[in-house]
Amino acid sequence: MPLPPAPSRRAALLAPEAFEVTARPRVSQTSANEPIAAPVRAASTTRTGRKAGSTALATPAALVAAPLIQVETQARAPEPAATPTARATGTHKARKTSVAASPSAAAPTAAPRGKKVAPQGPTKLFVLDTNVLLHDPTSLFRFEEHDIFLPMIVLEELDGHKKGMTEVARNGRQASRTLDALAAAQGADMAKGLKLDSTGQRAAGGHLFFQTVPLDYSLPTSLPPGKADNQILGVVEALRKLHAPREVVLVSKDINMRVKARALGLNAEDYQNDKTLEDGDLLYAGVLALPPDFWAKSGKNVESWQSGAHTYYRIGGPIVPQLMINQFVYFEAPGEPSLFARVSEIREKTAVLQTLKDYGSAKNAVWGVTTRNREQNYAMNLLMDPEIDFVTLTGTAGTGKTLLALAAGLTQVLDDRRYTEIIMTRATVSVGEDIGFLPGTEEEKMGPWMGALDDNLEFLAKGDGGNAGEWGRAATNELIRSRIKIKSMNFMRGRTFLNKYVIIDEAQNLTPKQMKTLITRAGPGTKIICMGNLAQIDTPYLTEGSSGLTYAVDRFKGWPHSGHITLARGERSRLADFASEVL
């Protein structure tokens, strides 16, 4: 199709006074200077909100935009054309403003990708308990378009928790500073509510209300009115009557508080924003079993080649969208060739699988340790790969997490000289009652917490120096301990680890904020291994869904320099395996 002829007159810029000119009906005349090509009329929106028609040449770009413009003009009543001054506006300007028309006009078209669709239902009023602000000081901005109400007793409790150096005290101070910034924002009005997006938090579209007047409510006599929890329940009851039929919801981390609220017929919810997953079973496992008919369906289209010690397979089909970088896949079926591989590359509809090194063989033993099952072999492939900077290992007790990490670390520190030393730390959370302060230096204080390290080092040193007698074992043990540093998490802030092999044990007891603090200590050439058992969380207020280990696994999945494996089978002893299943 030939292009239309070039315009015979030059387009002029729209004069500022033209924005205020009301559109007039256009006389149906055809000027001799205008081209023959049919014009495309696009509605443009001026700064004052009035719409004006713009006539432009039917260039190829305009022809592409024509369907959108037609749908837009059909949704409205016909409008008069613009003045000649407005008609002289360039086609690019007219086309851009036509797409940015009013929401009602553009309703038939699809919503642009990446934009949030405006909510359709009525907004709620959430009453926050003090423990929500102490748990997450940014929780004020996590309720999207809904409004938030803070009872006066919540501010009193917040003031009582702001002293000290604990995590709760820091969160309390941060929440107070946030409230002060909202109240000091320009145009803030307590009576009408403070706009939650006034400090730059665009995700929050609601208002924040404070209790400024006494509220009339009546609670059962069994609930003493002097207690803070009961006063908050009374505020929720009063707001429910005052704002009916609007939904008023209490948000609290206190289980008993939510139970009492529901007993009184009030809506109550837990604060859900801190939970990465609702169900621990949905956590990324790092392993995917290929379907039984994989070779039958994809065998003819699989490309394979050899590079070094590894074989590569390029596969396609419906399995590719389910794969992630560094995810392990396996195929086991009677009478069929088995496949154990790792996803090394994903491009559109194809993926490249790389075969693994078999660390279950004695010739590939790592510091005398051989893997005993499929998942342990996957973990060792991640631990020994210099291109993997971050490894997470989860599994029940006795699956070999600490032993595998230590064996791989000693080999790469002492034999390969890839890292200068091993740094080991863990969350110091007691299972039972705390025994009090511990004497000595930092490493001596951490000694009782590092029983797992001592047990595994005893096994590794025995296996390596067993033929050299007592002196050989002592020398090996001294050499190993000289390259292992035990550090406390309390002094990690501001540090940078260069070419270190960092092991974070019992990571399930860390919060997401603590996990971020530790991982961001990594400098060039450093590898971090996080290990834990999500079934053994000892930190109060942490669950499988809100643990820092779950948070890290979910956020790092699919990153080319990280990997995760869930170790499924225990190898400690038959007693430990049976206890893990039945207790």
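The structure shown is a predicted model. Its chain contains 17 helices and 20 strands. Of the 583 residues in the chain, 42% are buried. The accessible surface of the chain is about 32700 Å², and carbon and sulfur atoms account for 54% of that surface. Contacts across the sequence can also be considered: among those between residues at least 6 apart in sequence, 69% join residues at least 24 apart.

Attention now turns to the sheet. Six strands form an open sheet in the order β17-β16-β18-β19-β15-β20, and their pairing is parallel. Strands β17 (484–486) and β20 (562–567) stand at the edges; each has a single partner strand, so one side of each is left without a neighbour in the sheet. From one strand to the next, the twist averages 15 degrees.

Within this sheet, strand β18 deserves a careful reading. On one side, β18 pairs with strand β16 (residues 421–426) in the parallel sense, over six bridges. One of the residues involved is Glu421, whose bridge partner in β18 is Lys500. Strand β18 is also joined to strand β19 (residues 527–532) by four bridges, and these two strands run parallel. Here Ile504 has Cys530 of β19 as its bridge partner. Between β18 and β19 the chain passes through helix α15 (residues 512–519), and this β-α-β crossover is right-handed.

Why can β18 be described as largely enclosed by the rest of the structure? A residue counts as buried when its relative accessible area is under 20%. Six of the six residues of β18 (residues 500–505) are buried, and therefore the strand is largely enclosed by the rest of the structure.

Strand β15 (residues 390–395) pairs with β19 in the parallel sense over five bridges. In this pairing, the bridge partner of Thr394 is Gly532 in β19.

Helix α10 (residues 374–383) lies across β15, β18, β19 and β20. Its direction is at about 155 degrees to that of the edge strand β20.

Notes. Residues are numbered from 1 along each chain as its sequence is written. This is a predicted model: local features need pLDDT of at least 70, side-chain atom pairs count only at pLDDT 80 or more; totals for chains, interfaces and linings use all residues. Side-chain values use heavy atoms; hydrogens and water are left out. Buried means under 20% relative accessible area, exposed over 50%, partly exposed in between (1.4 Å probe, protein chains only). Two strands pair if DSSP finds at least two bridges between them. A crossover is right-handed if, with the strands pointing away from the viewer, the path from the first strand over the helix to the second runs clockwise. Axes are lines fitted to C-alpha atoms, for helices over the stretch in contact, and angles run from 0 to 180 degrees between N-to-C directions. Contact means heavy atoms within 4.5 Å. Accessible areas come from the Shrake-Rupley method with a 1.4 Å probe; for residues, only the protein chains shown count as cover.
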